[in-house]
Amino acid sequence: MTRSRGLTAIDGAIALIAILLIVQMWLLTATLEAYLGGHTEPIIPAALISALLFAACGGLYLFIRRIDARRDRET
Amino acid sequence: MKKTESSQAPLWRDEFAIDVATDSYVTRRQFSKFLVLTSLGMFAGNLWILVKSWFRSSPRFEPQPLGIVDELAVGDVKLFSYPTQEDPCILIRTGIDQFVAYSQKCTHLSCAVYYAKQENRLECPCHEGYFSVEDGSVLQGPPPRRLPRVVLQRDGDNLTATGVEL
């Protein structure tokens, strides 16, 4: 993998993490709003989806580390 | 070989050896780690809400007499507070034998809703949120949820509030 391709992949992964994080922030505020309004139905699905989003972010972070380590070895 | 005066590092460099630009440089890996930790924080927030909802006890409502049925003509309203003094509610007589009561706090920003008799709906004057008189559902505007409905019990000529349905 060339250096520029590695950087592009890392930048893309960071952008994807940022998008997932924005979705997660919205999910938290919507869940809190529902909870304070006395509605408990969306709480469990929201927690599951938030867990999935966190897992996706973690996966992308591991991807970034792997690409970064490979770039370090090649240079 | 002796260095010239200009090529030597200034004396203050020995005392302030840290370069600010280098020290505050954030690598992509550090930045992505920060984002993932923030994501963990969001997940922890969702988990906290989940745990709080498990331990939240359901509210208990004491019956509260609202008065005699004949005090209100059809289309008239009566304001009262239920279940506490900080919870304003509105009672509407919609028919000869039909009464409905809702929380008076708009579900948008808690402005007091009023009964618009001609349009037969509840209206919030702040942002023009309209609610149905039949079930309190949102007809128009920014309110995200229907109005909480006060459960009424009629015993002869007496009307009593017995609970609140969110």
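In helix α3 of chain B, the residues B:S32, B:V36, B:S39, B:M42, B:F43, B:N46 and B:I49 are buried (20 or more other C-beta atoms, placed from the backbone, lie within 10 Å of the residue's own). The structure is a predicted model, in which local features need pLDDT of at least 70 and side-chain atom pairs count only at pLDDT 80 or more, while totals for chains, interfaces and linings use all residues. Residues are numbered from 1 along each chain as its sequence is written, and chains are lettered from A in the order in which they are written.

Helices here are DSSP runs of H or I with at least four residues, and strands are runs of E with at least two, numbered from the N terminus. α3(B) has 28 residues and reaches 41 Å from its first C-alpha to its last, close to the expected 40 Å, the expected span being 1.5 Å times one less than the number of residues. Chain A comes to two helices and zero strands, and buried residues make up 25% of its 75 residues.

Helix α2 of chain A (residues 43-74) packs against α3 of chain B (residues 28-55) at an angle of about 165°, with the axes 9 Å apart; axes are lines fitted to C-alpha atoms over the stretch in contact, and angles run from 0 to 180 degrees between N-to-C directions. The two helices are therefore roughly antiparallel, a term for angles over 145 degrees. The contact between chains, in which paired residues have C-beta atoms, placed from the backbone, within 7 Å, takes 20 residues from chain B and 30 residues from chain A.

Conventions. Contact = placed C-beta atoms within 7 Å. Buried ≥ 20, exposed ≤ 12 C-beta atoms within 10 Å, placed from the backbone. Parallel < 35°, antiparallel > 145°, perpendicular 65-115°, else oblique.
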